[in-house]
Amino acid sequence: MDAAEERKKRLAAIRAAAEEMPAAESSASAGAEPTEDDVQVRFRNYRPRDKRLQDNVIESSRAPDIEAMIRSGDARADAERHALGEQPQPSNAAEEAIANIAPKKANWDLKREVGKKLDRLEARTQK
């Protein structure tokens with residue numbers, strides 16, 4: 001119950017603060033148009049020619065190199081195996097990991113869902 005009471009007190013304080021704010025001030029700030037100084041444009045894919053706008057360019061992000069991450073993980077796993085006295089595994093693990101990351105075929109779920117219906121249809125046609 002303490003949490004509920006604390007929440008009620010916070011909501012009451014927010015309501016009181018909202019009521020104290022003059023109505024004219026709140027409506028004026030809500031309907032006011034932003035000035036040129038308030039608006040700041042960010043460019044992700046566009047490189048502006050104007051020198052003043054070049055400060056607003058966001059550097060494009062690069063996708064992480066998954067193969068390098070897998071290789072580093074394999075090296076770490078091999079080091080752990082070596083420390084435990086086990087034999088290191090062949091490098092097929094990296095290829096398998098990349099294959100697991102690859103997306104499934106587009107119609108894999110279609111085959112799964114339609115398979116039951118096709119089996120039933122096949123049974124009916126055999127009668």
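Averaged over the chain, the pLDDT comes to 76, and 66% of the residues reach 70 or more. Helix α1 (residues 2-20) has the highest mean pLDDT of the elements, at 89, while helix α2 (residues 23-31) has the lowest, at 53. Keep that in mind as you look around: where pLDDT is low, the predicted coordinates should not be read in detail.

Now look for R44, which sits in the loop between α2 and α3 (66-84). Is R44 buried or exposed? R44 counts as exposed because its relative accessibility is 57%, and the cut-off for exposed is over 50%.

R44 and V57 are 13 residues apart along the chain, yet 6.2 Å separates their C-alpha atoms.

## One salt bridge

How many salt bridges does the structure hold? There is 1, and you can find it between the side chains of R52 and D50, with 3.0 Å from N to O.

The two partners can also be described by their accessibility. R52 is exposed, with a relative accessible area of 69%. D50 has a relative accessible area of 30%, so it is partly exposed.

## A nonpolar patch on the surface

Finally, turn to helix α5 (residues 108-126), where you will find L110. Together with V114, L118 and L121, L110 forms a nonpolar patch on the surface.

Definitions and conventions
Residues are numbered from 1 along each chain as its sequence is written. This is a predicted model: local features need pLDDT of at least 70, side-chain atom pairs count only at pLDDT 80 or more; totals for chains, interfaces and linings use all residues. Side-chain values use heavy atoms; hydrogens and water are left out. Patches are made of residues with over 30% relative accessible area and no salt bridge: like charges are joined within 9 Å, nonpolar side chains (Val, Leu, Ile, Met, Phe, Trp, Tyr) within 5 Å. Accessible areas come from the Shrake-Rupley method with a 1.4 Å probe; for residues, only the protein chains shown count as cover. A salt bridge is a side-chain nitrogen of Lys or Arg within 4 Å of a carboxyl oxygen of Asp or Glu. Helices (H or I, at least four residues) and strands (E, at least two) are DSSP runs, numbered from the N terminus. pLDDT is the predictor's confidence in each residue, from 0 to 100. Buried means under 20% relative accessible area, exposed over 50%, partly exposed in between (1.4 Å probe, protein chains only).
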